[in-house]
Amino acid sequence: MMTDIRIDVAVIGAGPAGVAAGIGAREAGAEHVVVFERDWDLGGILQQCIHPGFGLHTFKEELTGPEYMHRWIERAHGAGVTFRTNTMVFRMEEDGSFWTMNPDEGIQHVHAGAVVLGMGCRERPLGAIRVPGSRPAGIYTAGTAQRFVNMEGYMPGNRVVVLGSGDIGLIMARRMMWEGASVEGVFEIMSWPGGLRRNIAQCLDDYDIPFHLDHTVTQVHGKDRLEGVTVAKVDANKKPILGTERFVACDTLLLAVGLIPENELSRMAGVQIHPVTGGPVVNQCLQTTRENVFAAGNVVIVYDLVDWVSAEGYKAGKNAALFALDGLPKATRRFDVRGGENVRLFSPQWLSDQEDATIFLRVTKPIEQRCRVTADHGLFSKTLRYARPGEMNEVHIKAEQLRMLPPDVREIIVDVEEE
Amino acid sequence: MTERETRKFICVSCPVGCMLTVHMEEGRIVKVEGNACMRGEAYAEAEVRNPTRVFASTVKVSGGLLPVVPVRSRSAVPKEKLFDIAREVARVVVEAPVKIGQVVLVDVCGTGVDIVASRSLEAEEKRAG
């Protein structure tokens, strides 16, 4: 059986972005708001992030992932958001409608006044980083291992090497220690950590886990089960240095080598994807290049803090509702954002003159001294104590400032430079 | 002669991760530098006297929608007891349904801190799909 359903705002994904988007849409006046989730449970990846460290900005206390999501889900129920779990969105059309499948209702074609994409991101797998050797059991992304240990209740192995120093890898190094495994080391190809500095301190230093910058895994060993890895120091071009190779015995290799926004559906909808962020090109209303499709959270750009994901989700939901009800205020002027000095990626990519804007950005290289993040034409300037690739920075611009710019200004460049 | 010592910590109270320099005299803190907020001073004090961390793990569930449920120490516990706590928590089995905030272990390892469930979990038969 196949049916058409019509709603005001549809949200895809019930992780932190999607749950907040549902609330934002309801609180902005949308009547029928439905969040579609492929899992049986709400909360997305936060349900497996059982360590504390979430919500300091939102709730002024540090919660575990499940506690953080519990509060948001309660709030969403209170706001009258409808959730549809066990429901896979398997296809999206260019008009923004999409197709869902679930065991109770079969296939449905959903037509919404506006859609919010909240699919989050995926981990970069081993295949994407080209490590030679066989493919024995025992090699997992850090997030997969996190799900095994924290939700399914079994250990992936006893002797662990972590490749990459993203936050999930650091958190899992500590988690495996607490579960009785040994962690032989964390190896990071870059000259700086991928994750937050506090996670280096509380997940590695606290347990004397060796942390090797400028190192990578050059080979995996073992036929059926992983028996060890060869690690080597890398040069300035990230090529392994001959003669620095050594064997590290292990039965488990965890990969924490980056996250990729999950945008298969966005592409089907014809939404423009930015080549550097890997997420939809959006404006400060989180509106994509399809005007009835909005996007928020890690599907747009990978954030450090879930608080920002929730805040952006709320904003996307609110704007989607306003769009579906009366339409958003039309931009009378439009400004392209560009990354200048030491800016690797940023979002949103363009600004309308109708809304205040926050631009999130990441630097290419760390600056370990006082520096300054600026937006040109004197729009924004803030002194920072440091700037690191693992930690996002923000630029705030008021709509009024944008409206006052000389008429020939069509571009805003953001920079991070030493003072 | 006054005994002076300088110790360095990365504050883990929030994601900023301030690099703290703690100046000590005769085992007492006289000055904390590098902190962007007051939490840094409290953290430095604790790191010098009695370092503590919040413990988070899982316990087995019988009859639950999932085989394990996440738990945490209600507040921070002494860092040196973390592995003892991990061993004690590993022996706990709770019965579904579990409610968020429910105490699963009272006064873990004599710390005075309870271990509580950090999510709710329904009993197995309710599982959809």
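**View 1. Where chain A meets chain B.** In this predicted model, the contact draws 26 residues from chain A and 25 residues from chain B. On the chain A side, helix H3 (65-79), helix H4 (142-152) and helix H6 (197-204) each put in at least two residues. H6(A) gives the largest share of that side, with four residues. Sorted by class, the side of chain A that touches chain B has 11 nonpolar, nine polar and six charged residues.

**View 2. H5(A) against H6(A).** Two packed helices are described by the angle between their axes and the distance between the axes. Here, helix H5 (residues 167-178) of chain A packs on H6(A) at an angle of about 15°, and the axes are 8 Å apart. Angles under 35 degrees count as roughly parallel, so H5(A) and H6(A) are roughly parallel to each other. The crossing of H5(A) past H6(A) is left-handed. From H5(A), the contact uses A:Asp167, A:Leu170, A:Ile171, A:Ala173 and A:Arg174, and from H6(A) it uses A:Asn199, A:Ile200, A:Cys203 and A:Leu204. That gives six nonpolar, one polar and two charged residues in the contact of H5(A) with H6(A).

**View 3. H4(A) against H5(A).** Move to the other pairing of H5(A) shown here: the axes of H4(A) and H5(A) come within 9 Å and cross at roughly 40°. H4(A) and H5(A) are therefore oblique to each other. H4(A) also passes H5(A) in a left-handed crossing. On H4(A), look for A:Ala142, A:Gly143, A:Ala145, A:Gln146 and A:Val149; on H5(A), the contact residues are A:Ile168, A:Gly169, A:Met172 and A:Arg175. By class, the contact of H4(A) with H5(A) splits into five nonpolar, three polar and one charged.

**View 4. The open sheet E14-E15-E16 of chain A.** Three strands line up in the order E14-E15-E16 (chain A), with antiparallel pairing. Strand E14 (215-221) and strand E16 (246-249) of chain A are the edge strands, each pairing on one side only. On average, and ignoring direction, neighbouring strands of this sheet are turned by 35° against each other. Strands of a sheet pair through backbone hydrogen bonds, either parallel or antiparallel.

**View 5. Bridges and a hairpin in that sheet.** E14(A) and E15(A) pair in the antiparallel sense over six bridges, and A:Thr216 sits opposite A:Ala232 in E15(A). The hairpin of E14(A) and E15(A) has six residues between the strands, and there A:Gly222 takes a positive phi near 120°. On to the next pair: strand E15 (residues 228-233) of chain A is joined to E16(A) by four bridges, again antiparallel.

**View 6. Domains of chain A.** Five residues from domain 2 of chain A and five residues from domain 3 of chain A make up their contact. The domain 2 side that touches domain 3 of chain A has three nonpolar, two polar and no charged residues.

**View 7. Domains of chain B.** Chain B is divided into domain 1 (4-49) and domain 2 (56-126). The C-alpha centres of domain 1 and domain 2 of chain B are 31 Å apart.

Methods: Residues numbered from 1 in each chain as written. Chains lettered and ligands numbered in written order. Predicted model: local features only at pLDDT ≥ 70, side-chain atom pairs only at ≥ 80, totals over all residues. Contact = placed C-beta atoms within 7 Å. Nonpolar A, V, L, I, M, F, W, Y, C, P; charged D, E, K, R; others polar. Domains from an automatic or database assignment. Pairing = 2+ DSSP bridges. Axes fitted to C-alpha atoms, helices over the stretch in contact; angles between N-to-C directions. Parallel < 35°, antiparallel > 145°, perpendicular 65-115°, else oblique. Left-handed = near helix turned anticlockwise from the far one by under 90°.
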